[in-house]
Amino acid sequence: PPVMLLYSWPSSWDLPSLSPACTYVEAFLRFAKVGFNQEKCRNPTTSPTGTLPGFEDGDDVVGSNSSTNAIEGNLAAQNIINYLKKKKGIQMDSALTP
């Protein structure tokens, strides 16, 4: 199967990424124990969506197709998380009880 690829801003100050949105997606993938590769980008145009975070899963490309501001990063992160929940069936809270 194709490997999933996360495009994110680079690490700094002992953080996984300079971007909270990129860190959010990376943490979600790691906690879910999903195998993925990561490309640290200094330029958002490196991502197939033109924004960071960006995500590729085979032919599927997920993120936001707008600007690089923080709101778009948050939207892209939520789109990626929603994709993983719906398309990959990842439900990290399924074992929780009310």
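Gly 73 is located in helix α2, which spans residues 70-87; helices (H or I, at least four residues) and strands (E, at least two) are DSSP runs numbered from the N terminus. The model is predicted, so that local features need pLDDT of at least 70 and side-chain atom pairs count only at pLDDT 80 or more, while totals for chains, interfaces and linings use all residues. Residues are numbered from 1 along each chain as its sequence is written, and side-chain values use heavy atoms, with hydrogens and water left out.

Gly 73 is buried, its relative accessible area being 6% (buried means under 20%, exposed over 50%, and partly exposed in between, with a 1.4 Å probe and protein chains only). Beyond residues up to four places away in sequence, Gly 73 is in contact with Ala 21, Leu 52 and Pro 53, where contact means heavy atoms within 4.5 Å. The C-alpha atoms of Gly 73 and Leu 52 lie 6.0 Å apart, although 21 residues separate the two along the chain.

Leu 15 belongs to the loop between β1 (4-8) and α1 (20-31). With a relative accessibility of 43%, Leu 15 is partly exposed.

Strand β3 (residues 54-57) runs antiparallel to β1, to which three bridges join it; two strands pair if DSSP finds at least two bridges between them. Strand β4 (residues 60-62) also pairs with β3 in the antiparallel sense, over three bridges. Glu 56 of β3 is the bridge partner of Leu 5, and Val 61 in β4 is the bridge partner of Glu 56. β3 and β4 form a hairpin with two residues between them, and Gly 58 in the turn has a positive phi of about 65 degrees.
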